[in-house]
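Look through the model below with the sequence beside it. The paragraphs that follow go from charged side chains to strands and then to a helix.

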Amino acid sequence: MTIWVDADACPKVIREILCRAAKRVECPLIFVANHLIPIPASPWITARQVESGFDVADDYIAQQVEAGDLVITSDIPLAAEVIEKGAGALSSRGEKFTANNIRQRLNMRDFMDTMRSSAVEIRGGPPALGERDKMEFANVLDRYLAKHHK
């Protein structure tokens with residue numbers, strides 16, 4: 001199993017949690033972004049810088065991911081694509097995307113896109129990542145690795 005991270009928008013604190021986990025369980029961790037991601041020295045952790053552009057990092061991850069891998073992303077279409085390939089997907093808030101919930105998440109995303117494009121004013125995004133969110137992510141990641149990493 002390899003952990004792939006859609007790192008363009010992944011919070012630094014989540015990247016740190018991922019690095020500690022990868023070192024602890026000796027699992028390959030690959031950050032993919034269109035800018036340089038600083039990473040700690042470890043044989044388990046690498047970073048891939050892709051060209052700038054819309055969804056370039058997402059496309060790279062989707063092409064490289066294999067069944068049994070884990071992808072960390074808040075991008076719903078990317079999560080749907082990797083689930084189709086047999087990989088797992090978690091958001092940076094610890095939400096586990098599954099074949100059972102991804103269709104609903106895609107529908108909600110499309111609805112919100114439609115609302116934004118029809119001049120309906122929708123303000124703000126998700127709240128800042130809090131301590132509870134960090135703990136939730138770390139707990140979900142630990143349970144996932146315990147179950148799926150050999």
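Asp133 is partly exposed, with a relative accessible area of 22%; buried means under 20% relative accessible area, exposed over 50%, and partly exposed in between, for a 1.4 Å probe and protein chains only. This is a predicted model, in which local features need pLDDT of at least 70, side-chain atom pairs count only at pLDDT 80 or more, and totals for chains, interfaces and linings use all residues. Residues are numbered from 1 along each chain as its sequence is written, and side-chain values use heavy atoms, with hydrogens and water left out.

Which residue forms a salt bridge with Asp133? The partner is Arg93, and the closest N and O atoms are 3.1 Å apart. A salt bridge here is a side-chain nitrogen of Lys or Arg within 4 Å of a carboxyl oxygen of Asp or Glu. The pair links distant parts of the chain, 40 residues apart: Asp133 is in helix 5, while Arg93 is in the loop between strand 5 (88–90) and strand 6 (96–97). Helices (H or I, at least four residues) and strands (E, at least two) are DSSP runs, numbered from the N terminus. Arg93 counts as partly exposed, at 26% relative accessibility.

In total the structure holds 3 salt bridges. Another joins Asp142 to Arg24, with 2.7 Å between the closest N and O atoms. Asp142 lies in helix 5 (residues 131–148) and Arg24 in helix 1 (residues 12–25), so this pair ties together parts that are 118 residues apart in sequence. Asp142 is partly exposed at 34%, whereas Arg24 counts as exposed at 52%. There is also a salt bridge between the side chains of Glu131 and Lys134, at 2.8 Å from N to O. Both of these residues lie in helix 5, 3 residues apart, about one turn of the helix. An α-helix has 3.6 residues a turn, so residues three or four places apart point the same way. Glu131 is exposed, with a relative accessible area of 55%.

Now turn to strand 1 (residues 3–6), which is covered on both faces. Ile3 and Val5 are buried on one side, and Trp4 and Asp6 are buried on the other. Strand 1 runs parallel to strand 2 (residues 29–33), and 4 bridges join them; two strands pair if DSSP finds at least two bridges between them. Val5 stands opposite Phe31 in strand 2. From strand 1 the chain crosses through helix 1 to strand 2, and this β-α-β crossover is right-handed; that is, with the strands pointing away from the viewer, the path from the first strand over the helix to the second runs clockwise. Strand 1 is also joined by 3 bridges to strand 4 (residues 70–72), again running parallel. There the bridge partner of Val5 is Ile72.

Helix 1 has 14 residues and reaches 20 Å from its first C-alpha to its last, close to the 20 Å expected at 1.5 Å a residue; the expected span is 1.5 Å times one less than the number of residues. Its buried residues are Ile14, Arg15, Ile17, Leu18, Cys19, Ala21 and Ala22. What covers them includes strand 1, strand 2, strand 3 (45–49), strand 4 and helix 5, where contact means heavy atoms within 4.5 Å. Just after helix 1, Glu26 takes a positive phi of about 55 degrees.
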